[in-house]
Structure formats: structure tokens, C-alpha cells
Amino acid sequence: MAVSTRWSTTSSLTCILGTLVLATFLVDRGVLKLPMPHPAHESYIHRWPKEAPFPSTPPDASMRNSLLQQYAVRVFEGQLHNVETVTVEASTGRLLLPDKWGDVHEALLLANGSYQLNPKPLAQLGPGRVLGSKLDADGNLVMCDVLKGLLRLNTSSGAVQQLASRISASSAEAAGAPIFYANSLDIAANGSIYFSSSSDILPARAAGGLYDTGFAWVLNNFRGLPAGCVLVYHPHTQQTHVVASGFYYADGVALSADASYLLVVETDALRVVKVWLEGDKAGQREVLVDSLPGLPAGLTAASDGNYWVSMTVPLPPISRYLGSVLLRALIAWSPRSWRPPVKVWGAVLKVSPEGRILQLLLDPTGARVATASAATEHDGRLFLGSIMGGTPSGWQLASSLVSLAAHNHPAAKGLFVDKLSLRALLSLYINRSTRNWVCPSGAHTMVQSCCLCRHKQCLSWPCTLLRRLL
């Protein structure tokens, strides 16, 4: 009798296990379709493309620094929350700051270089959330709102106008479709406004009235569809057309100096894509830089002709397993407190128009700058918005800059030639925090993280000597 009971129990467990294995196989093959939770309840989780999860090149020891943590200054702490983009009025230095509650604030530049926040908002935009903003030639603040599409604020009168909430019927693609999740924008010299639509999943209103763009991004990522696109609004004709589509979460956009191409951040693919607007390549796209060490978000032009790319968080370790449809479904449906934690940092890259990574600014723990969403450069300062950090930050560019010549990313090959003199060798010192030999120039950590060899075995005589001694 006992043997029969044991056999029955074993058979039942085997049957259950076999059913789970079969169900997992059918789900991952797309035969069984798992629904998405609200606000993506009308969709289901798809298989990721063959190239996903997209590869990432984490920053090695030669890249790591704490420049943002050391030099950034948090402004308006306790007064503003979740300002994702800081817009600067070039003529006066005035800051325009749309927050997560729909208020647009202004801060005036004082004679001593500090800023005074106006306690009264310029405007209240109502339901929704502004992510990107920029001033047009007439001094109006053009904004991307996740619910309302493209808006324009008269910064003198406070009047708000909705420019575009639907794609025009004359568009060759998605004619008449509503504009979902407007995110970031740039304005051409002729007044045309290029802006991104990140996803067709609208952020839901969470507790306290905040529109949860973060969870909408998670659902878009887990669903596995390239639903992002880039649009252009022509103010003279008031027409909105699709420029390019099929992006895995389109975020920051920036026009080239001659407006011949548009750069687009593709967040979930960890890359920046170049979309040609004019010339023989018009309509074509190519990857400018990929395998970024974190999730890219904002993209703005730097004063030297390069581009600032802000990265909100480093790539979570669990991302390597998210090719499983079942795992993505379990995380999507689980309570927020059960989901894997995400490491927070502050990170901004400078990228050349050719795709070379030139500089990296870091706050490795997010103590002072966290989840940087956009970087705006003006008059030697870099203003950083934040998704979750709460408070915008400012960093004096002239204080210090770090070169990414030692970065082992393929895009940075050939940027740096190591020439250690006897004087440099004699000045080597021990860094107590890492207990490694460190070059005082900051180029690289000797022996263990040499910038000249991706396998961390430099053949130069200083590194060879130190390796033998240690």
C-alpha cells in the first residue's frame, strides 16, 4: 500500500513537472500567448528578436570615476521633483523646468551665478507628464507630453497650445493614428519639430496622481515589440508625419548641425541610431554607437559639435535572462516590491558625430546625481534632469573633464597611446581603496586594468615589471 502511494505521488509530480516544461516551451515559442497587465492589457508578450538581449559593454576600471559625485551641485532640493529636462534660455540664462506634476517652473540667473526659483509656476499643464522640452526661435517652450502629445507654452503669457496629438492623414505611415508617449524633441532652423514617440503603451496614473512612465517602459520592454517612432511637425502647414519607425523605445533625438540626419536614442537596444533626412542616403538608418554600458535616454548637442548621451541606470544583470517570455510575464505581473532591484547611478557620455565615445562623467552610487535623463549644456555648465533622483543637478564643465581614451569599447579604439616615462613610473602610488597600483594621470589602473590590452596584460615595460614584482 505504501509503495502504491509513493508511486502515485511520484507519477503526479512527474506529470506536473512535464506539464510545466511543456507550457514553458510553448510560451517561449509563442504558441501560448501570455497577456500583459494594465496599462498594456490589450497586448501580450512576444518573443524577443534574435539579437536580443542586446549586448552591453560595462565600464571597466579604466573608465570608472566619480566626477559627477565630486563636482555636481544639486539645485532646488526639496522644491522640485522629477524634472526630466532642464531648458536654458540662452539670452538670459533662465531655466525652464517642467516637473512630474505638470507644473512648469522658472529659475532666474542671479549676478553671483546662482539661481533663484520663482515660487509661482509659469503654467499648469493638467493631466499628463512632460519629458522633453526645448525653446523655439520665438522663445516659446515646446514640450513633449506623454498624454497630450506636442505642446507649446508662451513663456511670457503662460498660454498653452496643443500642436499635435494625432499623425496627419497625409502621412505615408500610420495616417490618423494618435500620438502616444511623446518623449523628446529637437527643432530645426526652419522651425520643424522632430520628436520621438517611445511606445504605444500609455503610462497609467499611479497613487498620488503621478503618471508612471517607468512601469510603462518596463511593459514596453517586456512586450518585445519595436513600437517606437520619430515624427516631425511642420508649423507652417501644421502637419505631422512619421519620419522613421520600428524603434525599441525611441527616446532622445538630436539633429546634426546641417540637419542632414537625425540621431535617435533606442533605449532598449542600448544604442544611438542615425536616420538620414537628406542626400543620397535619405530614408536610410545606421547605428552610430551601440553596446552602451547603461540604458541611454536623453540626447543633446554639446558646444564642441559632439553629443551628450545620458544613461539612467546600468544594465540590470537580470536582463541576460529576459529572453524567456515566461520570466518576463512573471516579473510584469508580480507586485512592485517583488521585482528585482535596479542599481542607481548617474552617468553621461560624450559621443562624437562619428560614434566615438570621448568622455564619461559618473556618480557610481547615485549619491548626488541619480538616473540622469537629459543633459543640457550652457555657458560652461551641464544641467542634468532626473527620472527618479528627484532634484535636477548642475555641473561646472570647466572644473574637470575625464577622457575616455582608455575605454575598451570598440568605438574608442585608437584614441589613446600609452607612453609612460621614468618620471611617471617613479610617481606611481598605491590607491588604498582598491589596493592596486594606479597611474596618477588617471589613464588606467596598472596591471589589472591596463587600457592597452582588453585581456588586461600590457606588454609595456612598466606594466611588465610591476606584474613580475606583484
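Predicted model: local features only at pLDDT ≥ 70, side-chain atom pairs only at ≥ 80, totals over all residues.
**Exercise 1. Find what caps the N-terminal end of helix α3, then say what follows the helix.**

Solution. Start at Asp 212: one of its side-chain oxygens lies 3.3 Å from the backbone nitrogen of Gly 214, and that caps the N-terminal end of α3. (A polar contact here is a pair of N or O atoms within 3.5 Å; within protein, one must be able to donate a hydrogen and the other to accept it, and residues adjacent in sequence count only if both atoms are side-chain atoms.) Helices are DSSP runs of H or I with at least four residues, strands are E runs of at least two, and both are numbered from the N terminus.

Residues are numbered from 1 along each chain as its sequence is written, and side-chain values use heavy atoms, with hydrogens and water left out.

**Exercise 2. Work out how many residues of α3 are buried, and what they pack against.**

Solution. Buried means under 20% relative accessible area, exposed over 50%, and partly exposed in between (1.4 Å probe, protein chains only). Helix α3 covers residues 213-223, and eight of its 11 residues are buried, so the rest of the structure largely encloses it. Among them are Phe 215, Leu 219 and Phe 222. Next, look for partners: the buried residues pack against β7 (130-135) and α4 (325-333), with contact meaning heavy atoms within 4.5 Å.

**Exercise 3. Find the edge-to-face pair made by Tyr 115, and say which parts it ties together.**

Solution. Rings of Phe, Tyr and Trp (its six-membered ring) pair if their centres lie within 6.5 Å; planes under 30 degrees apart are stacked, over 60 edge-to-face, and the rest tilted. A search of the whole structure gives three aromatic pairs. Tyr 115 is in strand β5 (residues 115-117) and Phe 383 in strand β24 (residues 381-386), so the pair links parts 268 residues apart in sequence. Both Tyr 115 and Phe 383 are buried.
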